[in-house]
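Morning, everyone. Please bring up the sequence and the model, and keep both in view while I talk.

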Amino acid sequence: MLVVFCTKGALSKGCQEVTRAFTLMSATMKLKQGSFLWYLYLDKLYCLLSVRNVKALLEYFHLLDVHHNNTLNDVLFYHFLHHVTSWNRTQIMIVFNMLDWNAMGEIGFDQFYMLVCILLAQQNHLEEQFIFRHSRPVFELLDLDGELRIGAENFHMYNFLFNIKKQDLRELYHDFDITGDRRLNYKEFKLFTIFTMDKYQERQKAEKDKDKGKKDLLKKKRLHHVNVSLKQFLGINVSESRL
């Protein structure tokens, strides 16, 4: 059983701020080996944590919450991310301010859980899978003005989700902006997520085929070596028998 990453309702604004935190998570962001998050498993199909992992994460959150307020202040938050990621202080505090959308000086477990899912998705290079599985909530998060349309500026702001370049962005609106208004509605956005997922699966298949080809080639070389060795061995034995 998996725990849902993001839903509408009371957390919608918080989810929006969590999504903004993605902008700081470049390809250079790394989880530190041996940290607690290193041992959590993000389901590669649904990009969610299992109930068991969430329970473990909740216990970890309570350990960090030394004031027993069911929240983390900026100091606790900084030491957590400094311990588990390669971010510097400035980056960490920017993320904290984004998550603290109520300006209360603290974040709760819901924001903490979503942040962890983000970190693990980035670490495992599951951006395409993530955006495909969570297309509706991500669309709602990118739709900052609530107009049920996503403009190019939104993608520029959140291009971390797709790792696309400006040229690819232009092609995106050329290929998927069916209505021609330079903005994507949800159906158009969904088509884009399906397309990116198909490309992701094609790359995965190509990599598997490449690995399989290397293994087959190595197997043939080993078999050839064995055959040559066997022939040489048999040739020596035949010569000895004639003597």
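First, the ground rules. This is a predicted model, in which local features need pLDDT of at least 70 and side-chain atom pairs count only at pLDDT 80 or more, while totals for chains, interfaces and linings use all residues. Residues are numbered from 1 along each chain as its sequence is written, and side-chain values use heavy atoms, with hydrogens and water left out.

Now the overall make-up. The protein has 10 helices and six strands. Those are DSSP runs numbered from the N terminus, with helices being H or I of at least four residues and strands E of at least two. Of the 243 residues, 40% are buried. Buried means under 20% relative accessible area, exposed means over 50%, and partly exposed is in between, with a 1.4 Å probe and protein chains only. Take the contacts between residues at least 6 apart in sequence: 68% of them join residues at least 24 apart. A contact here is heavy atoms within 4.5 Å.

On to the core. How many residues does the largest nonpolar core have? It has 55. By nonpolar core I mean a set of buried Ala, Val, Leu, Ile, Met, Phe, Trp, Tyr and Cys residues joined through side-chain atoms within 4.5 Å. The residues with the most contacts inside this core are L37, L49, L57, F77, L81, F112 and F189. Helix α5, residues 109-123, gives the core its largest share, nine residues.

Look at F112. Setting aside neighbours within four places in sequence, F112 contacts L57, Y60, F61, L64, L72, F80 and I107.

Two packed helices are described by the angle between their axes and the distance between the axes. For α2 and α5, the angle is about 120 degrees and the axes are 11 Å apart. Axes are lines fitted to C-alpha atoms, for helices over the stretch in contact, and angles run from 0 to 180 degrees between N-to-C directions. So α2 is oblique to α5. On this scale, under 35 degrees is roughly parallel, over 145 roughly antiparallel, 65 to 115 roughly perpendicular, and the rest oblique. The crossing of α2 and α5 is right-handed. Right-handed means the near helix is turned clockwise from the far one by less than a right angle, and left-handed means anticlockwise. From α2, the residues at the contact are V54, L57, L58, Y60, F61 and L64; from α5, they are F109, F112, Y113 and V116.

V54 is buried, at 12% relative accessible area. V54 and Y113 are 59 residues apart along the chain, yet their C-alpha atoms are separated by 7.9 Å.

Next, helix α3, residues 74-84. Its buried residues are L76, F77, Y78, F80, L81 and V84. What covers them includes α2, β3, α4, β4 and α5. At the N-terminal end of α3, N73 is the cap, with a side-chain oxygen 3.1 Å from the backbone nitrogen of V75.

Now S135, in helix α7, residues 135-142. Is S135 buried or exposed? Buried, with a relative accessible area of 4%. Its side chain makes polar contacts with the side chains of Y186, at 3.0 Å, and K190, at 3.2 Å. A polar contact is a pair of N or O atoms within 3.5 Å; within protein, one must be able to donate a hydrogen and the other to accept it, and residues adjacent in sequence count only if both atoms are side-chain atoms.

Last, two residues that both involve E188. N185 sits in the loop between β6 and α10, and is buried at 16%. The N185 side chain reaches the backbone nitrogen of E188 at 2.9 Å. F176 is in helix α9, and is buried at 12%. F176 and E188 are 12 residues apart in sequence and 5.7 Å apart in space, C-alpha to C-alpha.

That's the tour.
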